[in-house]
Amino acid sequence: MRTIERYKLINPGDKILIAVSGGKDSLVLLHILSELRKKYNFYLKGVTIDLGIGDYSKRYIEKVEENYEELKVEYEIVNVKDEIGLTISDAVKGIRRRAPCSICGTIKRYVLNKVAYEWKFDKLATGHNLDDILSVLLRSYVRGDYQQALKLYPLLPGRDKLVTKIRPLAETPESDIALYGKIKGINFLEEKCPYSVNSKGLVHREMLDILERESPSSKLSMLRSFYNVYMPALESYYSEKSAELKYCKYCGMPASDDTCSVCKIVARVRKY
Ligand code: SF4
Ligand code: ZN
């Protein structure tokens, strides 16, 4: 509630679509937003993507359905193959040189934005937590990709075909989410995705954990100083350079050049 109010994430009457994966973060967020529906007066619907990652997909879909039904939240399961013509397994096999999570992340962001736009939702809520955001921030520092860092605010306003994104757990450490899930007895999938094994983000998370152990509250203070000090400076720097929003010539969705990153993935896999 503190994060929702501090960053004005929810307005009365909002139509909010929540992306639920079956892991603890998104399921904890589903339980919290479902509980807050009356207090903040908004409509909530869930969406889960069937990524087509073998039996793992079946198992997390079962879990999310149990939770949606327990909470009486309307939901839809969207099949990634129906949306882009490929499963995540097809894409990962077709593009060996790129990390599976990077391919999957690009595709998930695209599909979630597309359905939220087509279903006319005001906002798309995701379960990204403090540790997720800081690990992306650290990676963007290392790569010098500061424009990426500008997308890490709890509220990312939309425009045209880009739906507004909200991250109500942005200031909540992963350990608190795990504890909340345990206390509330939330039934989530403990099994890890088969592609998560060599995920690069793990090293950055370990570094952040060391920092937090040595100096408690470092994580939150790092995030707040980024939001309050660095972000405004970066915003004014990039606003002078930012280009007009372009649209993909194949699918019509927003893109940074004339072909969006998902249509590029599809073309590489199909070897156009
Ligand atoms: Fe996708 Fe990686 Fe998450 Fe698996 S672990 S669902 S490949 S982002
Ligand atoms: Zn496209």
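Reader: Which strands does helix H6 lie across, and at what angle does H6 run to S2?

Author: This is a predicted model. Helix H6 (residues 100–118) lies across S1, S2, S3, S4 and strand S6 (164–166). H6 runs at about 140° to S2.

Reader: In what order do the strands form the sheet?

Author: The order is S3-S2-S1-S4-S6-S5. Six strands form this open sheet, and the pairing is mixed. At the edges are strand S3 (74–79) and strand S5 (155–156), each pairing on one side only. Helix H3 (residues 54–71) also packs on the sheet. H3 touches S1, strand S2 (43–50) and S3, and its direction makes about 165° with that of S2.

Reader: How many bridges join strand S1 to strand S4?

Author: Three, between residues 15–19 of S1 and residues 123–125 of S4. These two strands run parallel. Ile 16 stands opposite Lys 123 in S4.

Reader: Now the metal. Which protein donors does the zinc ion (ligand 2) have?

Author: Cys 248, Cys 251, Cys 260 and Cys 263, each through SG. They lie 2.3 to 2.4 Å from the zinc ion. In sequence, the donor residues follow C-x2-C-x8-C-x2-C. Cys 248 sits in the loop between strand S7 (246–247) and strand S8 (254–255). Cys 260 is in the loop between S8 and helix H12 (261–270), twelve residues apart from Cys 248.

Reader: What is the geometry of the site of the zinc ion (ligand 2)?

Author: Start with the ideal: four tetrahedral donors make angles of 109.5 degrees. Here the angles among the four donor atoms are 106 to 114°, and the site is tetrahedral.

Reader: Why does Cys 248 count as buried?

Author: Buried means under 20% relative accessible area. Cys 248 has 4% relative accessibility, so Cys 248 counts as buried. Cys 260 is buried too.

Key. Residues are numbered from 1 along each chain as its sequence is written. Chains are lettered from A and ligands numbered from 1 in the order in which they are written. This is a predicted model: local features need pLDDT of at least 70, side-chain atom pairs count only at pLDDT 80 or more; totals for chains, interfaces and linings use all residues. Side-chain values use heavy atoms; hydrogens and water are left out. Buried means under 20% relative accessible area, exposed over 50%, partly exposed in between (1.4 Å probe, protein chains only). Donors are N, O and S atoms within 2.8 Å of the metal (3.2 Å for Na, K and Ca); water is not among the atoms, so sites may look incomplete. Four donors count as tetrahedral if all angles lie between 85 and 135 degrees; four count as square planar and six as octahedral if opposite donors are over 155 degrees apart and all others between 65 and 115; anything else is irregular. Helices (H or I, at least four residues) and strands (E, at least two) are DSSP runs, numbered from the N terminus. Two strands pair if DSSP finds at least two bridges between them. Contact means heavy atoms within 4.5 Å. Axes are lines fitted to C-alpha atoms, for helices over the stretch in contact, and angles run from 0 to 180 degrees between N-to-C directions.
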